[in-house]
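This report describes the architecture of one protein chain for a reader who is new to structural terms. Please look at the sequence and the model before reading on.

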Amino acid sequence: MKANRQKKIIELISEKSIETQEQLLQELHNCGYHSTQATVSRDIKELRIVKTLDGLGSYRYSLSHKNESEMFDNRFRVIFRECVTSLNYAQNLVVIKTMPGLGAAAGANIDALRMPSVVGTLSGDDTTLVIMRDTESAMDLCEEIQKMIE
């Protein structure tokens with residue numbers, strides 16, 4: 001249900017000029033999706049939908065041009081390349097082992113990305129535990145970090 005609704009939201013904002021949550025909610029209702037404004041607001045945040053200026057001088061919802069893999073900027077890559085010694089995942093949990101004293105730096109960098117798929121992090125001296133929303137997200141994060149440290 002949620003995945004279908006979010007797919008429909010992406011479709012709607014791609015096809016129509018939608019300026020407000022109320023307009024989006026009405027369009028969803030017209031398509032048979034009965035949601036609340038609070039649910040639509042959460043969907044907008046999770047999908048990283050932003051308001052952009054259109055060519056006519058008004059604002060409309062659109063998808064952010066950055067996806068999660070693009071969010072790993074150079075500073076993040078350097079920090080991870082220098083401090084991560086290993087990583088692995090089990091279901092929705094990612095364990096990142098670092099050089100001594102750098103576990104908190106790894107966790108802080110992941111938190112700074114504000115990825116919707118990350119529920120939270122817990123860091124120690126040389127380890128960071130990343131709690132993901134699901135196993136697929138954990139696998140994707142591990143793959144991205146592994147590419148950075150190779």
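The text below moves from the whole chain to the sheet, then to a pocket and to selected residues.

**Basis of the description**

This is a predicted model, in which local features need pLDDT of at least 70 and side-chain atom pairs count only at pLDDT 80 or more, while totals for chains, interfaces and linings use all residues. Residues are numbered from 1 along each chain as its sequence is written, and side-chain values use heavy atoms, with hydrogens and water left out.

**The chain as a whole**

The secondary structure of the protein chain comes to six helices and six strands. Here helices (H or I, at least four residues) and strands (E, at least two) are DSSP runs, numbered from the N terminus. Along the sequence, these elements follow the pattern α-α-α-β-β-α-β-β-α-β-β-α. The C-alpha atoms fill a box of roughly 55 × 35 × 20 Å, taken along the principal axes.

Of the 150 residues of the protein chain, 35% count as buried. Buried means under 20% relative accessible area, exposed means over 50%, and partly exposed lies in between, with a 1.4 Å probe and protein chains only. Among the contacts in the chain with a separation of 6 or more, 52% come from residues 24 or more positions apart; a contact means heavy atoms within 4.5 Å.

**The sheet and its helices**

Four strands form an open sheet in the order 3-4-6-5, and their pairing is antiparallel. Strand 3 (84–90) and strand 5 (118–123) are the edge strands, each of which pairs on one side only. Neighbouring strands of this sheet are turned by 15 degrees against each other on average, direction ignored. Two strands pair if DSSP finds at least two bridges between them. Axes are lines fitted to C-alpha atoms, for helices over the stretch in contact, and angles run from 0 to 180 degrees between N-to-C directions.

Strand 5 and strand 6 form a hairpin with three residues between them. Five bridges join strand 5 to strand 6 (residues 127–132), and the two run antiparallel. Within this pair, Gly-120 has Ile-131 as its bridge partner in strand 6, and Ser-123 has Thr-128.

Helix 5 (residues 103–113) packs on the sheet, where it touches strand 4 (93–98), strand 5 and strand 6; its direction makes about 165 degrees with that of strand 5. Helix 6 (residues 135–149) lies across strand 3, strand 4 and strand 6, and runs at about 160 degrees to strand 3.

**A pocket**

The second largest pocket has a volume of about 170 Å³. On a 1 Å grid over the protein atoms alone, a pocket is an open set of points where a 1.4 Å probe fits, with protein on both sides within 12 Å along at least five of seven lines; lining residues have an atom within 4 Å of a point. Grid points are joined across faces, edges and corners, and the volume is the space filled by probe spheres set on the points.

Which residues line the second largest pocket? They are Lys-45, Glu-46, Arg-48, Arg-114, Met-115, Pro-116, Val-118 and Arg-133. By class, this lining has three nonpolar, no polar and five charged residues. Ala, Val, Leu, Ile, Met, Phe, Trp, Tyr, Cys and Pro count as nonpolar, Asp, Glu, Lys and Arg as charged, and the others, Gly among them, as polar.

**Selected residues**

Most residues other than glycine have a negative phi. Arg-48, however, has a positive phi of about 55 degrees although it is not a glycine. Arg-48 lies in the loop between helix 3 (37–46) and strand 1 (49–53). Gln-91 also has a positive phi of about 55 degrees and is not a glycine; its place is in the loop between strand 3 and strand 4.

Leaving aside neighbours within four places in sequence, Gln-91 is in contact with Asp-134, Thr-135 and Ala-138. Gln-23 lies in helix 2 (residues 21–30).

The table gives the accessibility of these residues.

| Residue | Relative accessibility | Class |
|---|---|---|
| Gln-91 | 61% | exposed |
| Gln-23 | 36% | partly exposed |
| Leu-63 | 33% | partly exposed |
| Arg-48 | 23% | partly exposed |
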